[in-house]
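Take a look at the chain below. Keep it in view while you read.

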Amino acid sequence: MSGHSKWASIKHKKAATDAKKGSLYTKLIREITCAAREGGGNLDSNARLRAVVSKAKEQNMPQDNITKAIKRGTGELPGVTYESVAYEAYGPAGVAIIIQTLTDNKNRTSAEVRNILSKKGGNLAGAGAVNWLFSKKGYILVDKKAIEEDKLLNIILEAGAEDLKSEGEKYEITTQPQDLDVVKKALEDKKIYFETASITMLPSSTVKITDIATAKAVLGLVEALEEHDDVQEVFANFDIPDNVLELATSTTE
């Protein structure tokens with residue numbers, strides 16, 4: 001997962017900026033509505049809803065917005081029906097990409113995703129061409145300044161985590177998706193701050209990119225996809241060393 005923690009940190013900081021708030025809230029509201037529609041409006045029994053509501057609260061979304069989104073999902077309020085559609089693609093240097101969307105118009109979204117890929121050096125792949133490279137996991141990022149590694153390892157393993165890896169200035173914790181909430185709570189109970197915690201798709205193999213121009217091209221594609229209103233998440237298997245990533249992002253941010 002080398003490079004994943006650094007990119008996760010950059011995404012976390014970008015999401016926190018006011019300029020992104022409007023778009024971020026729109027995406028979170030869609031996700032809340034879909035989660036409530038598929039699994040009901042009870043947070044205790046709907047893990048997907050619980051996770052996205054937690055994310056919304058982390059971004060200071062007003063409770064009224066959250067409540068209305070849940071009610072639109074359960075049918076208590078009228079609202080647009082969104083369909084979940086995933087696209088598989090390849091980017092520059094053969095980077096594998098999964099693009100998860102929520103859309104009220106599949107044809108429009110497909111055309112627009114294809115257009116972004118075409119403009120940014122990528123192309124759609126056939127169904128199953130990319131998906132097999134990724135596994136759905138819970139993922140938590142903890143700054144090394146927060147706690148010693150052996151103490152953190154004891155806490156998370158007791159809570160049911162799968163693994164702990166040291167990457168640069170961060171610890172990467174992985175869990176089974178259904179165990180993420182339990183591990184998060186164990187960290188919160190111990191007052192251990194984590195930078196990000198989410199369900200993600202982690203690659204089994206990666207494409208290492210050491211050229212700055214190629215790194216900029218890959219990141220430019222990922223960012224263009226993420227900025228599209230219908231795109232909820234983008235997962236990719238690039239491995240960009242920290243020094244290259246810093247140079248590539250410093251010229252694009």
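## About the model

This is a predicted model, in which local features need pLDDT of at least 70 and side-chain atom pairs count only at pLDDT 80 or more, while totals for chains, interfaces and linings use all residues. Residues are numbered from 1 along each chain as its sequence is written, and side-chain values use heavy atoms, with hydrogens and water left out.

Helices (H or I, at least four residues) and strands (E, at least two) are DSSP runs, numbered from the N terminus.

## The sheet

Start with the strands. Four of them form an open sheet in the order β3-β1-β2-β9, with antiparallel pairing. The edges are β3 (123–124) and β9, and each has a single partner strand, so one side of each lacks a neighbour in the sheet. Two strands count as paired if DSSP finds at least two bridges between them. Strands of a sheet pair through backbone hydrogen bonds, either parallel or antiparallel.

Now go pair by pair. Strand β1 (residues 83–90) and β2 run antiparallel and share eight bridges. In that pair, E83 has T103 of β2 as its bridge partner. The hairpin of β1 and β2 has five residues between the strands, and A93 there takes a positive phi near 65°. On the β3 side, β1 and β3 are antiparallel and joined by two bridges. Here Y90 has N123 of β3 as its bridge partner.

## Strands β2 and β9

Strand β2 (residues 96–103) is joined to β9 by five bridges, and the two run antiparallel. I97 stands opposite A236 in β9. Q100 has E233 of β9 as its bridge partner.

Are these strands buried or exposed? Buried means under 20% relative accessible area, exposed means over 50%, and partly exposed lies in between (1.4 Å probe, protein chains only). In β2, seven of the eight residues are buried, so the strand is largely enclosed by the rest of the structure. In β9 (residues 231–236), five of the six residues are buried, so β9 is also largely enclosed by the rest of the structure.

## Helix α8 and its neighbours

Which helices pack with α8? Helix α5 (residues 106–119) packs with α8 at an angle of about 160°, and their axes are 9 Å apart. Axes are lines fitted to C-alpha atoms, for helices over the stretch in contact, and angles run from 0 to 180 degrees between N-to-C directions. Angles under 35 degrees count as roughly parallel, over 145 as roughly antiparallel, 65 to 115 as roughly perpendicular and the rest as oblique. The angle therefore makes α5 roughly antiparallel to α8. Contact means heavy atoms within 4.5 Å. V113, I116 and L117 of α5 meet L221, A224 and L225 of α8. By class, this contact has six nonpolar, no polar and no charged residues. Ala, Val, Leu, Ile, Met, Phe, Trp, Tyr, Cys and Pro count as nonpolar, Asp, Glu, Lys and Arg as charged, and the others, Gly among them, as polar.

Helix α9 (residues 242–250) also packs with α8, at an angle of about 65° and with axes 9 Å apart. From α8, the contact uses I212, A215, K216 and L219; from α9, it uses V244, L245, L247, A248 and T249. By class, there are seven nonpolar, one polar and one charged residues in the contact of α8 with α9.

## Helices α6 and α7

Another helix pair comes next. Helix α6 (residues 149–159) and helix α7 (residues 180–189) pack at about 140°, with axes 8 Å apart. That angle makes α6 oblique to α7. L152, I155, I156 and A159 of α6 touch V182, V183, A186 and L187 of α7. The contact of α6 with α7 has eight nonpolar, no polar and no charged residues.

L124 lies in strand β3. L124 is partly exposed, with a relative accessible area of 25%. Leaving aside its neighbours within four places in sequence, L124 is in contact with Y87, E88, A89, V113, R114 and L117. L124 and I156 are 32 residues apart in sequence and 38 Å apart in space, C-alpha to C-alpha.

S54 lies in helix α3 (residues 47–58). S54 is partly exposed, at 23% relative accessible area. From S54 to S198 is 144 residues in sequence and 9.8 Å in space, C-alpha to C-alpha.
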